[in-house]
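Morning, everyone. Please have the structure open while I talk.

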Amino acid sequence: MVLNIGEVPQGSGFWWDFSMALGFAGMAMMGVQFFLTARFKRASAPFGIDIIYYFHRYLAIAAFIFIFLHFLIIRIDNVEALGVINPFEAPWYMTTGRISLLLFMLLILSSLFRKQLKIEYETWRITHIVIAVSAFLLALSHIEGVGYYIADPEKRWLWTAYTLFFVLLMVYVRIIKPWGMKKHPYKVVEVKKEFGDSYTLALEPEGHAGMHFKAGQFAWLTLKDSPYHIKEHPFSFSSSPHKNRIEFTIKELGDFTKTIKDTPIGEIAYLDGPYGTFSVENYPDAPGFVFITAGVGAAPIMSMLRSLADKKDKRPLVLLDINNDWESIIFRDELEEMQNHLNLKLIHLLTKADDSWQGEKGRISKELFQRILPKDLRELEYFICGPKPVSDATQKELYGLKVPLGKVHFELFDMV
Ligand SMILES: Cc1cc2nc3c(=O)[nH]c(=O)nc-3n(C[C@H](O)[C@H](O)[C@H](O)COP(=O)(O)OP(=O)(O)OC[C@H]3O[C@@H](n4cnc5c(N)ncnc54)[C@H](O)[C@@H]3O)c2cc1C
């Protein structure tokens, strides 16, 4: 649209113009990526931040294909226009264009194949931000340098405003937002050992009212460092939102989570949140809820159960808690006790049970769900949280039982 404002430059043949249109469209889509990942609560609330991140991933791939085609079409249709590759002889804006194309490619490949390339999450995240900003700014400078399509004053003005918008967005994400978090610190008040190699980290607000969240939501946690630091990890609240004290239950898994047990009492923490749509509170009229969880996926479910207990909710609840063995059931004592306050049917499914185990064992199946779910199973709201294979298998069985799609909600702990 911007390209059609003011005087439209002479066309230069279909393929040339098409290639330019692809380049501009790709860049507009790349710009949107910064907005998508800025974690604006209002913008992400209707979809959930995990969906936003998936959208970010696929839109970025589409944007890259557009930008790559922009280059490829010129390469095939009018190779002379690209000039020499040697950066000492080529115009500077052609070199910035080439470098940005390579950086965009690196960005996409390193994100799609991070695990296969064995790139650590933290290393990937920092380089992802640096490469994304560099590639975007270099591509903008390429457009400015070529200048032909934005020569008209109105277009130049709009293009500069577009550039400025993204620079301000970066300033907001990296400076203003952390500054807001710095004014709302939390203090670690307890680190409690749980079953299943997990620890509950309890925080209390320092000099402010704390955070209002819905049971089942999550926040990004930064410990030790200042909120300006890039090292932050997402964790679901495991506590009830009706308490002043905020708790996260964290399973030892990698570099950061293995340090939780050594967190000193009094340590300052910063939270960015709340985020997510995985909450019973979004379904106040549901006749009942079914929770299916595996391992530490129990954390957001526990927040919901604790919240329902605090509100003395009497609706029927079913919890299928899947773990390897009895020792891995993180909240097993409290869950037993909760049955006294809630209308809760608790089923433990052990995948590596020994012969002495009398309860459910093995894998989830249609028969299991038929056995444990009430007759009105299609009326209930379902919340699934666990590793992707468990989540996928559960959804498949539920759809097989004709549970409507809109009643099945899931949270994955692996959004990147
Ligand atoms: C919405 C959401 C809620 C979560 N809630 C919980 C919870 O309640 N309890 C719990 O124990 N775990 C939870 N997790 C998972 C937790 O964030 C990761 O296990 C943790 O960040 C791993 O960090 P690490 O350095 O210890 O492990 P690493 O070995 O560095 O990472 C293991 C894997 O965790 C993921 N990961 C690592 N760092 C981050 C990060 N900063 N942001 C996003 N993903 C990352 C990556 O996929 C990585 O491959 C949640 C994740 C998400 C996305």
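Some ground rules. This is a predicted model, in which local features need pLDDT of at least 70 and side-chain atom pairs count only at pLDDT 80 or more, while totals for chains, interfaces and linings use all residues. Residues are numbered from 1 along each chain as its sequence is written, and side-chain values use heavy atoms, with hydrogens and water left out.

Start with helix α1, residues 14-36, and helix α6, residues 153-182. Their axes come within 9 Å and cross at roughly 25 degrees. An axis here is a line fitted to C-alpha atoms, for helices over the stretch in contact, and angles run from 0 to 180 degrees between N-to-C directions. So α1 and α6 are roughly parallel to each other. The cut-offs are these: under 35 degrees counts as roughly parallel, over 145 as roughly antiparallel, 65 to 115 as roughly perpendicular, and the rest as oblique. The crossing of α1 past α6 is left-handed, meaning that the near helix is turned anticlockwise from the far one by less than a right angle; clockwise would be right-handed.

Which residues make the contact? From α1 they are F24, M27, A28, G31, V32, F34 and F35, and from α6 they are W159, Y162, F165, F166, L169 and M170. Contact means heavy atoms within 4.5 Å. By class, this contact has twelve nonpolar residues, one polar and no charged. Nonpolar covers Ala, Val, Leu, Ile, Met, Phe, Trp, Tyr, Cys and Pro; charged covers Asp, Glu, Lys and Arg; the others, Gly among them, are polar.

Next, α4 and α5. Their axes come within 8 Å and cross at roughly 150 degrees, and the two helices are therefore roughly antiparallel to each other. This crossing is left-handed. The contact of α4 with α5 divides into 16 nonpolar, ten polar and no charged residues.

Helix α4 also packs against α3, residues 49-77, at an angle of about 145 degrees, with the axes 10 Å apart. That crossing is left-handed too. On the α3 side we have R57, A60, I61, F64, I67, F68 and F71, which meet L101, F104, M105, I108, S111 and L112 in α4. Here the count is eleven nonpolar, one polar and one charged.

Between α4 (92-112) and α5 (121-146) there is a loop that holds K118. Phi of K118 is near 55 degrees, a positive value in a residue other than glycine. Most residues other than glycine have a negative phi, and most peptide bonds are trans.

Now the sheets. Strands of a sheet pair through backbone hydrogen bonds, either parallel or antiparallel. Two strands count as paired if DSSP finds at least two bridges between them.

E194 stands opposite S198, and V191 has L201 as its bridge partner. In the hairpin of β1 and β2, G196 takes a positive phi near 65 degrees.

Where is the cis peptide bond? It joins G273 and P274, with omega about -5 degrees. P274 is found in β6, residues 268-275.

Another open sheet of six strands runs β10-β9-β8-β7-β11-β12, and its pairing is parallel. Strand β7 (residues 289-294) pairs with β11 over five bridges, with T293 opposite C385. Helix α7, residues 298-310, packs on this sheet, touching β7, β8, β9 and β11, and its direction makes about 150 degrees with that of β7.

On the other side of that pairing, C385 stands opposite E411 in β12. Four bridges join β11 (residues 381-385) to β12 (residues 408-411), and these strands run parallel. Together with helix α10, residues 388-400, they make a right-handed β-α-β unit. Right-handed here means that, with the strands pointing away from the viewer, the path from the first strand over the helix to the second runs clockwise.

That is the end of the walk.
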